[in-house]
Amino acid sequence: MSVAPVSTVDIENRFARELSELALPWQADPAPDPRLLVLNEPLAAELGLDPGWLRDPDGLRFLVGNLVPDGANPVAQAYAGHQFGGFVPRLGDGRALLLGEVVTPGGRRRDLHLKGSGRTPFARGGDGLAAVGPMLREYLVSEAMHALGVPTTRSLAVVATGRAVQRETMLPGAVLARVASSHLRVGSFQYAAATGDLDLLRRLADHAISRHHGDAADSLEGPDRYLELFEAVVAVQASLVAQWMLLGFVHGVMNTDNMTISGETIDYGPCAFLDAFDPATVFSSIDLGGRYAYRNQPLAAEWNLARLAEALLPLLAEDEEQAVALAVPALERFRGRYSAAWSAGMRAKLGLPAGVEDAEATSLIDDLLALLQANRVDYTLFFRGLGSAARGDAEAVRGLVLDLASLDGWLRRWLALAPDAAAMDRVNPAYIPRNHLVEEALTAGVQGDLDPLGRLLEAVTAPFDERPGLERYAAPAPKDFGAYTTFCGT
Ligand code: AMP
Ligand code: MG
């Protein structure tokens, strides 16, 4: 057993120091009986934390916020946000705390954040708590996304608190220790802008530039600097949402408080991956209008970026009309950036050589997506199977499509372009957190059996490397699984 003195966990408080108006000092609720459910040892090592110590009683108390290292100053972060289109001026961390920042051995600053740590002054009607199931879900899906190469917050650990949480029934409670390059959100800027404190808004923007977008903006001064920050966020979000779309990922709750400035995916509540390819897919039980349906995600991101632009206007020019004139062209570049990222990603999924003309690629892609939709084909399975088709065995994909005449015609056109099978296997995953597998793992996990979660994690954290013995993790949901509905992580 390693007994690291707590002072060896060096936590910095740069956010709290530089942006005290957005940082409310607060403490986690005591957890009566902390028990480790899952620990991400590779991530602990990346952060320079000793996994042995994290497993010890002191480490567990640290992971639920009950042992605060010397020098740390946990805070609840203030932010605002548009939730399903309606502005809420004061959201903030209602059930979470920013413990502070860890500087990794590699010199990178990472937020260490606890979710489910008790009510804060931002809790409104909420109980400040989180249940084991949703926290395991965030752990699983965020780590799968990371392995898929998608920028995302990471999950360090889930610790059961020993306290029950009242939902529809009583459920076991947990705290998720989350790691992010920061927790700055579009909603952080909306909050700062709404205070009318221009100095705070500028400090927030400078903080964001320094942590995320220094390459682009650091050499610039004055309004140019903040316009460049906006351009940089537009660019990272266009690329992020393109990656979601290429993988069939539905975030489910793209409110402006759930969109980061860093370009990392955040807040794995009602998210899920498509099974059958249907662009209208909505999983979330509360998204009745389909605002955040799969196909609407690029539009939702653009809408959120318009809200970010509004918040930044006072930094772009004194005259509002002039500021708008600067922001609009930058915002308009979202569509081009998104399309370029998505098209390049689709070409990669199809293994198309560089010489294939754009017009030909576009018609091939459009025809394929129409075919997948009309035949309700499993999206992930189809693209993975295309790798075999590129190697000469089309049976896997032929088994997924009813309209074989159309498919065979399409395959002939595509094969004539000499697709690169090995390159396809590097971008088309064999293993994703399929909805029925997630449910199976969480149901067992909540009952205390963490083996199914462990096995699923093993599959989805090496998603491109198809291994014998893992066939059931690549298979579609059983027919009786039915339509899938998800719930926000509350
Ligand atoms: P989310 O939809 O998870 O992004 O949360 C939106 C807002 O509700 C944030 O301000 C959260 O901190 C807050 N919130 C969500 N669940 C709870 C809860 N159980 N207790 C207190 N606040 C919560
Ligand atoms: Mg949120």
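I will go through one helix, α12, and then one helix pair, α7 with α9. Keep in mind that this is a predicted model.

Start with α12, which covers residues 379-390. From first C-alpha to last, these 12 residues reach 17 Å, close to the 16 Å expected at 1.5 Å a residue.

At the start of the helix, look at D378. One of its side-chain oxygens comes to within 3.4 Å of the backbone nitrogen of T380. At the other end, just after α12, G392 has a positive phi of about 110°.

Now, how many residues of α12 are buried? The count is 9 of 12, and the helix is mostly covered. The buried ones are Y379, T380, F382, F383, R384, G385, L386, G387 and A389.

Next, the pair. Two packed helices are described by the angle between their axes and the distance between the axes. For α7, residues 198-217, and α9, residues 297-316, the angle is about 105° and the axes are 10 Å apart. Angles of 65 to 115 degrees count as roughly perpendicular, and α7 and α9 are therefore roughly perpendicular to each other.

Which residues make the contact? From α7 there are L198, L201, R202 and A205, and from α9 there are A311, P314 and L315. By type, the contact has 6 nonpolar residues, no polar ones and 1 charged.

Notes
Residues are numbered from 1 along each chain as its sequence is written. Chains are lettered from A and ligands numbered from 1 in the order in which they are written. This is a predicted model: local features need pLDDT of at least 70, side-chain atom pairs count only at pLDDT 80 or more; totals for chains, interfaces and linings use all residues. Side-chain values use heavy atoms; hydrogens and water are left out. Helices (H or I, at least four residues) and strands (E, at least two) are DSSP runs, numbered from the N terminus. The expected span of a helix is 1.5 Å times one less than its number of residues. Buried means under 20% relative accessible area, exposed over 50%, partly exposed in between (1.4 Å probe, protein chains only). A polar contact is a pair of N or O atoms within 3.5 Å; within protein, one must be able to donate a hydrogen and the other to accept it, and residues adjacent in sequence count only if both atoms are side-chain atoms. Axes are lines fitted to C-alpha atoms, for helices over the stretch in contact, and angles run from 0 to 180 degrees between N-to-C directions. Angles under 35 degrees count as roughly parallel, over 145 as roughly antiparallel, 65 to 115 as roughly perpendicular and the rest as oblique. Contact means heavy atoms within 4.5 Å. Ala, Val, Leu, Ile, Met, Phe, Trp, Tyr, Cys and Pro count as nonpolar, Asp, Glu, Lys and Arg as charged, and the others, Gly among them, as polar.
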